[in-house]
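My notes follow in the order in which I checked things.

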Amino acid sequence: MRVLLVGAGAIGQVYGYHLQQGGAQVAFLVKPAHVEWAGSGLTLYRLNQGKAPVDFTGYDLFTSPAQALTQPEPWDAVILCVPTDALEKGPWLAELAQGLGSATLVTLQPGIEALSTIYKHVPKAQVVSGLITLVSYPAPLPNEQGFEREGTAYWFPPLASCPFEGPGERVKPLVDCFKKGGFPASAGADLASQSALGSALLLCVITGLEGAGWSFSALRSDGAQLSNVCKSMGQAANVAFKHQGRSPPGLPGWVRPWMLRMALAMAPRFVPFDLETYFRVHFTKVGSQMHGELDRLIARAGELGVPNDSLASLRGRLPAPSPA
């Protein structure tokens, strides 16, 4: 199997490494500025197995869709490992789609609009959706110890798998290759709804944390903000369901403050890294993407006739939207 991964960030590296371990010939499409560091080899740390470094080499690098898609042998799959907002930045996706041939396009992007954007360029029958259930980040985090050198650390939650959904003849070879390479992949169903709902709910929690200065304890002790986060999760769920053409749950308070308070207290105890620092570092880095997704969620709520006052209140504690 020949696989081209678009983006060699923390997610792309993990997916590419395990595909290579499963026997695939792997290549990355990256920006020209990233060739120097990516070309010298990558270092990975699978935290489920400790902090021993693993060297990832033996892949090819391309810097333009034209260069990647004019190879002598066609690609079997092209996996999009870029942020959701990158899908609409520049002509690269259209260029990629034009040269895709019969290859499977795998999209990992969350958000209520991601698949709609993909389908503008690629036939639905050629698309496989993937749901990211792992955590991956540039290591070490600030004050994090135990790493020999800089690299990418990643962690698979126990008993969780990374599902893929699409035509069976396209999903099966991918899942088989991933599993052979030690990656917990599986065939799934209704991933679009799960992804849209999950990303919308997580967005509310992240926004609440940002408004609390990225402090779990500060959010737990702020009853008003905690309550507003819970109400916004209900509104976000209604938007996600209605956007999918399904009956919304209509439960603005279905997540109770005590439940979220307990989750914020317990979750850091079950991960092998500093969860609070990870949230602060990672989601500050992708802040513009998260703020844009929240703005789209609020706007979509208005279009669908779904209440969005709690979502708007969360947004009000963050920087104003960037001018278009």
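Which strands does helix 7 lie across, and at what angle does helix 7 run to strand 11? I find that helix 7 lies across strand 8 (127–130) and strand 11, and runs at about 130° to strand 11. Before going further I note that this is a predicted model, in which local features need pLDDT of at least 70 and side-chain atom pairs count only at pLDDT 80 or more, while totals for chains, interfaces and linings use all residues. Residues are numbered from 1 along each chain as its sequence is written, and side-chain values use heavy atoms, with hydrogens and water left out.

My terms are these. Helices (H or I, at least four residues) and strands (E, at least two) are DSSP runs, numbered from the N terminus. Contact means heavy atoms within 4.5 Å. Axes are lines fitted to C-alpha atoms, for helices over the stretch in contact, and angles run from 0 to 180 degrees between N-to-C directions.

**Entry 1: helix 7**

I looked up the length of helix 7 (residues 191–211), which has 21 residues and reaches 30 Å from its first C-alpha to its last, close to the 30 Å expected at 1.5 Å a residue; the expected span is 1.5 Å times one less than the number of residues. Helix 7 is followed by Gly 213, whose phi is positive, near 70°.

I traced an open sheet of eight strands in the order 5-2-1-6-7-8-11-12, with mixed pairing; two strands pair if DSSP finds at least two bridges between them. Strand 5 (60–62) and strand 12 (185–187) stand at the edges with a single partner strand each, so one side of each is left without a neighbour in the sheet. On average, neighbouring strands of this sheet are turned by 25° against each other, direction ignored.

I then went through some of the pairs. Strand 6 (residues 77–80) pairs with strand 7 (residues 104–107) in the parallel sense over four bridges, and Ile 79 stands opposite Val 106 in strand 7. Helix 1 (residues 10–21) packs on the sheet, touching strand 1 (2–6), strand 2 (25–29), strand 6 and strand 11 (162–165), and its direction makes about 160° with that of strand 2.

Strand 8 and strand 11 pair in the antiparallel sense over two bridges, and there Gly 130 has Phe 164 in strand 11 as its bridge partner. Strand 11 and strand 12, in turn, pair in the parallel sense over three bridges, with Ser 186 in strand 12 as the bridge partner of Pro 163. The chain crosses from strand 11 through helix 6 (residues 168–180) to strand 12, and this β-α-β crossover is right-handed, a term used if, with the strands pointing away from the viewer, the path from the first strand over the helix to the second runs clockwise.

**Entry 2: helix 1 on helix 6**

I found that helix 1 and helix 6 pack at an angle of about 85°, with their axes 6 Å apart. That makes helix 1 roughly perpendicular to helix 6, since angles under 35 degrees count as roughly parallel, over 145 as roughly antiparallel, 65 to 115 as roughly perpendicular and the rest as oblique. Tyr 15, His 18, Leu 19 and Gln 21 in helix 1 meet Cys 177, Phe 178 and Lys 180 in helix 6.

**Entry 3: helix 9 on helix 10**

The axes of helix 9 (residues 223–243) and helix 10 (residues 257–266) come within 9 Å and cross at roughly 105°, which makes helix 9 roughly perpendicular to helix 10. I listed Gly 223, Leu 226, Ser 227, Val 229 and Cys 230 of helix 9 and Pro 257, Leu 260, Arg 261 and Leu 264 of helix 10 as the residues that make the contact.

**Entry 5**

Strand 9 and strand 10 (residues 151–155) pair in the antiparallel sense over five bridges, and Ala 139 stands opposite Gly 151 in strand 10.

Which kind of peptide bond joins Ala 139 and Pro 140? I read a cis bond there, with omega about 0°, and Pro 140 has its place in the loop between strand 9 and strand 10. Asn 143 is in the loop between strand 9 and strand 10, and its phi is near 70°, a positive value in a residue other than glycine. Most residues other than glycine have a negative phi, and most peptide bonds are trans.
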